[in-house]
Amino acid sequence: MTLQPANTGELQTIAHDARARSTPLRLVSRGTWPAGVTGGVVASTSLDLSLFTGIVEYVPGDLTLTAGSATTISEIDAATAAHNQWCPLLPWGDDGGSLGATFATATTGPCARSLGTPRDVAIGVQFVDGTGALARGGGRVVKNVAGFDLTRLMVGSWGTLGAITEISIRLRARPVVDESWTLYFTPGDIAAQSRLAALRRGPLAPLASEILTTAHAAALGFPRASALIRLGGNTAFVAAARAAMREIGRTEPCDTTVWSRYRALDPHPRAVTANAFADPLSRRIKMLFDPAHVWNRFECGTGAEGKS
Amino acid sequence: MTRTAADLLPLRGAELCVHCGFCLQACPTYLALDDENDSPRGRIVLMKALAEGAIASNDPDARRHLDRCLGCRGCETACPSGVPYGQLLEQTRERLTTGRPLPLVARTILFVFARPRLLGMVMFGARMFRATGMPALLARVPGRLGFAMAMLASTARPQRAYPAADPDGGRGTVAILDGCVMEGLFTSINRATEHVLDVNGYLRVAAHGQRCCGALHAHAGDAALARALARANIAAFEKSGAQFVCTNSAGCGAAMKEYSQLLRDDPEWHNRAAAFGARVRDVSELLAVAGPRTAGSLPGAPTVTYDAPCHLQHGQHVTIPPLTVLAAMSQLTLIPLTDSDQCCGSAGIYNLIEPELSDQVLAPKLAHIAASGAAIVATGNPGCLMQIGAGLARSGSPATARHPVELLAEAYRKS
Amino acid sequence: MPELATTLSHIVGTRYCLTRATELLAYATDALPGNRRRPRLAVMPGTRDETVAVVRALYAAGMPFVPRGAGTGLSGGALADNVVLLGLQRLRQIITIDPESRTATVEPGVVNAALSKAALPFGLHYAPDPSSQTACTIGGNLAENAGGPHCLKYGVTLNHVLAATVVLPNGEIVSLTAPSEETPAYDLLGAFVGSEGCFGVAIDITVRLTPNPEHVHTMLADFSSIDDAARATSAIIAAGILPAALELMDAATIQAVESSIYAAGYPIDAAAVLLVEVDGAADGLDDDVEAVVRICRACGARMVRSASDAIERGRLWQGRKKAFGAMGRLAPHLAVQDAVVPRSQLAPILARMAEIGTRHNVRICNVFHAGDGNLHPNIPYDAGNADESARVHAAMSEIMELCISVGGTITGEHGVGSDKLAYMERMFPGDSLDAMCRLRDAFDPERRANPGKVVPSHRCKEWHAAPGAHT
């Protein structure tokens, strides 16, 4: 069975009912993610959040954006590109995936090291928890310490505490120059690897730098490439970074769309494991936000099972 | 509780404090004791409460924490809001001494310093005792006695004769404050001061009738005696006709520059005090203005580090001139001293009244000096010279504490 | 009570367990002027073990407590109203600095600037730099999720804390770490950061250290109207430039700073100045500098000058960082606010704030993190003057109302504490405050730590929401 609330009121009703009847719910947003990532939830009822979609507020001058949780990564990318901005997450997975799933699973991407992870990017969140409460943490401004941090609580909670309905994020300006390269060096070339590591640690750090497996390199059409590099910044900065990169090994330019293809390969799988959310403090949080233990009950257990 | 006139005086300047806490890390006693009652912000709270009558003037806790203040005024340099902490402290100590006698040691010292003839006798006795070599022998004895002996021993200097300079007086006339401890125990530094002033074109004139500057009395809360001494000095130096009043003691300089504060309620003397204060200069200031004339190198071209006396740095905001004086000597390697802006724990007679805490404050200073590797610590205040000198001797350090001016005079003599 | 004092004295030594009224006065305030609450006693452990023992003793005695670092907070968060004040200032050991992983582990009482000083030999620093950094502690920074001028580019405390060992109010010890992507977990560390001492006491904290930038360029732009300065700020942000810091000071603030010991050479006839710093790799920095200068000029800057050396740069920053304290010379008390508004609307909001100030006949001094839209409208006043106090209060309420109505927040970095408690319901209508109470209940079900702060207690629906809440 699938329930598809159209607004937060309906979602709250569903939450109340599920709690009262102890009906486990599987949260689904765009449904694009591999089962390996979101699978493992034990529930015969799906809660489809796809109607919580669309950009609610986007003020380019503030570099902030608020959107429904089912808004896709590609929608946000298109809207922000018009103002030469972007959502800095660029997460692993399909661009048809949702913002909500990205934050609920705290999924990063190749640019996380330079541009931040979901916990750095989220500035506010609205959600309905397992008691049926509609709550909001944070807000729509880039700096905010009012109240206890429900935003950080929801990011990475894998839908086990409630359903995210709306998220506010900080954006970044797109770099003036944004270029991508394949980098070639002999596997096992320690010197080249340490030069790459130094580049990543140094002041000319690339936006992204990914060591490719043989399979991934082949899938992208660069069979012998060792790494994928993305340089971003103003002209002078990128010129200097490019020179530093060329010290590492042979390089070839490639189209920036390579990153979408690479992310779609989902090269860094993640999944809820047996001991996730199992420590005493996490169990207490679960009990307080989902006392009936109905939200995203994972097969492998999420700690709170057997309690209460 | 009975209120005296002193109790009812408002605490002028306390209202400037907005409790930001920026002073905490600038306070040596807070760093040593970790209790906010021993910090400037905490003490201002206590001072306000005393002034408002919220706590009694004989409250032992308030007294203990206020007594422990070194009066280094490092907090003033850290304070964005300009709280005149030193003045608050003096006002409060005055308030407190109204109802309570000072400790016997303090009373004895203050009594002696206010009486020139008696002071002369005591200092003479001290010099004689120093000459026996006993203080140097006893310097390593643990406890307060040993420390006092080490302090006395640290004042020993060979007497130098300086070649007569031919002062053209082109830089103006100067009357020197002899200073109780400087003339009594650091006699050679006073002679060195005269010499470097001569060399740098100042014409010295005498100021007869000068007395102790009164700084110790004011800090300890004996404001009445401090004012009497201040009036005597103002009169004496006015009579001398000198353009500048020079001192080689940072503590005396700070006190004299602020006579107008001490005498703020005295309509007859307030303006005279302000005019007098405007003429007071640390010897390093006079030398820096003069250039000063360059000198050759000190024997052995020793490495030197500089420790800023609190009453020069925080009390008078004189920071560069002593370095200028040191830079006049060729081949002098000046090594920066970590936390040179922190108090050494001398603070007038504090090291005799609060020996334990004084030691605690001194310890990091000695460690930083040792780490610098310098052979000489230059500092321009008698209390600091004795405190650091004694600390170095007791810790077995080969380094010595010297006044910048005695180094310069020595360098002039050799070149 | 005497038994508790005896127990605590046994743990920390009598010198560090203060019970007499006189000695508690100094601990009755933090840096929020004009607010005073007398703690029942103050206890200051000297080691991490002592801290744990103290928290356990307090739990056994059923006694609530308020953790306190250096007491430099501006929201009254460290005020202890007849409960125990737990001073952590003695825990100031830097446990490790690891230049290779660029991390440091410190005790909570380590002073912010002391950590950067210790990291300097390795070419590193601790990036969050609250204006009180010469006095405030890392533990306090963690509790408040402290910001600072350079957080515009580098992020706030949350973005720099990697782990903490925490004593929960019931004496349990938990290790909180930033979750990694591979092993899903609740972001307990993220929840703890900024919990204002209500979730427990951090006894060690691991933070990220940041490499000192290759190059730093500090500019001072001088405007003849605050509106122009605000528009320049919005334009710089909208242009996609990410300065390391972007600070605005108005005429009243400039004059207070320039008459203080920290006089920085700001033009005293300016209506506002922007302090803009860009940093990073040498390559490309000039382009950012030129863009900033161009935008400031286009928005009407009379002059944009660059700090010529590190000393001038230091002076420009000292003036900014000591501005709050410097306002002490304007009046005995200071109302301090910390609202954040959308950065695109700075100019109209500042104009409306000025109007509010005029209408209530109070003097607003603005000094703030313009790049973040984090306003600090400060009003110097005399708390002894009832009429003036009432006008200040009314003006501040209107300013807060204004900031909330434009989609802003009531606090960007100072915390809610006790000072902003009254605005929380306006800020978070509905069930949000109750959800916050529940988050707190996971850490402190009996609400022993910093009671009565952050969330008005009547907004917590149930004291013990779930039967399993405190296991």
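How many Å separate the centres of domain 1 of chain C and domain 2 of chain C, taken over C-alpha atoms? The two centres lie 22 Å apart.

## Before we start

Welcome to a predicted model, in which local features need pLDDT of at least 70, side-chain atom pairs count only at pLDDT 80 or more, and totals for chains, interfaces and linings use all residues. Residues are numbered from 1 along each chain as its sequence is written, while chains are lettered from A and ligands numbered from 1 in the order in which they are written.

## The domains of chain C

Chain C is assigned domain 1 (2-87), domain 2 (94-211), domain 3 (215-405) and domain 4 (428-471). These bounds come from an automatic or database domain assignment.

Where domains 1 and 2 of chain C meet, domain 1 brings 14 residues to the contact and domain 2 brings 21. Two residues are in contact here if their C-beta atoms, placed from the backbone, lie within 7 Å. On the domain 1 side, H3 and S3 of chain C each supply at least two residues, and H3(C) gives the most, with six residues. Helices (H or I, at least four residues) and strands (E, at least two) are DSSP runs, numbered from the N terminus. By class, this side of domain 1 has seven nonpolar, five polar and two charged residues. Ala, Val, Leu, Ile, Met, Phe, Trp, Tyr, Cys and Pro count as nonpolar, Asp, Glu, Lys and Arg as charged, and the others, Gly among them, as polar.

## A closer look at helix H3 of chain C

Helix H3 of chain C runs over residues 48-61, 14 residues in total. From its first C-alpha to its last it reaches 20 Å, close to the 20 Å expected at 1.5 Å a residue (the expected span is 1.5 Å times one less than the number of residues). Which residues of H3(C) are buried? They are Glu50(C), Thr51(C), Val54(C), Val55(C) and Leu58(C). Because these residues cover an arc of only 135 degrees around the axis, they sit on the same side of H3(C); the arc is that of the directions from the helix axis to the C-beta atoms. Asp49(C) and Ala60(C), on the other side of H3(C), are exposed. A residue is buried if 20 or more other C-beta atoms lie within 10 Å of its own, exposed if 12 or fewer, and partly exposed in between, with C-beta atoms placed from the backbone.

The cover over the buried residues of H3(C) includes helix H1 (2-12) and strands S2 (41-43), S3 (65-68), S4 (84-87), S8 (161-167) and S10 (201-208) of chain C. Just after H3(C) comes Gly62(C), with a positive phi of about 70 degrees.

## A sheet in chain C

Two strands pair if DSSP finds at least two bridges between them. S2(C) and S4(C) run parallel and are joined by three bridges, with Val43(C) opposite Leu86(C) in S4(C).

## How chain C meets its neighbours

The contact between chains C and A takes 69 residues from chain C and 61 from chain A. On the chain C side, H16(C) provides the largest share, nine residues. That side has 29 nonpolar, 25 polar and 15 charged residues.

The contact with chain B takes 31 residues from chain C and 26 from chain B. Helix H2 (21-24) and helix H12 (323-326) are the elements of chain C that give two or more residues to its side, and H12(C) gives the most, with three residues. The residues of this side divide into 16 nonpolar, ten polar and five charged.

## An enclosed strand in chain A

Strand S13 of chain A (residues 227-233) is largely enclosed by the rest of the structure, because seven of its seven residues are buried. Ala227(A), Ile229(A), Leu231(A) and Gly233(A) point one way from S13(A), while Leu228(A), Arg230(A) and Gly232(A) point the other way.

S13(A) runs antiparallel to strand S11 (residues 177-184) of chain A, joined to it by seven bridges, and Val177(A) stands opposite Gly233(A). Strand S12 (residues 208-211) of chain A also pairs with S13(A) in the antiparallel sense, over four bridges. There, Ser209(A) stands opposite Ile229(A).
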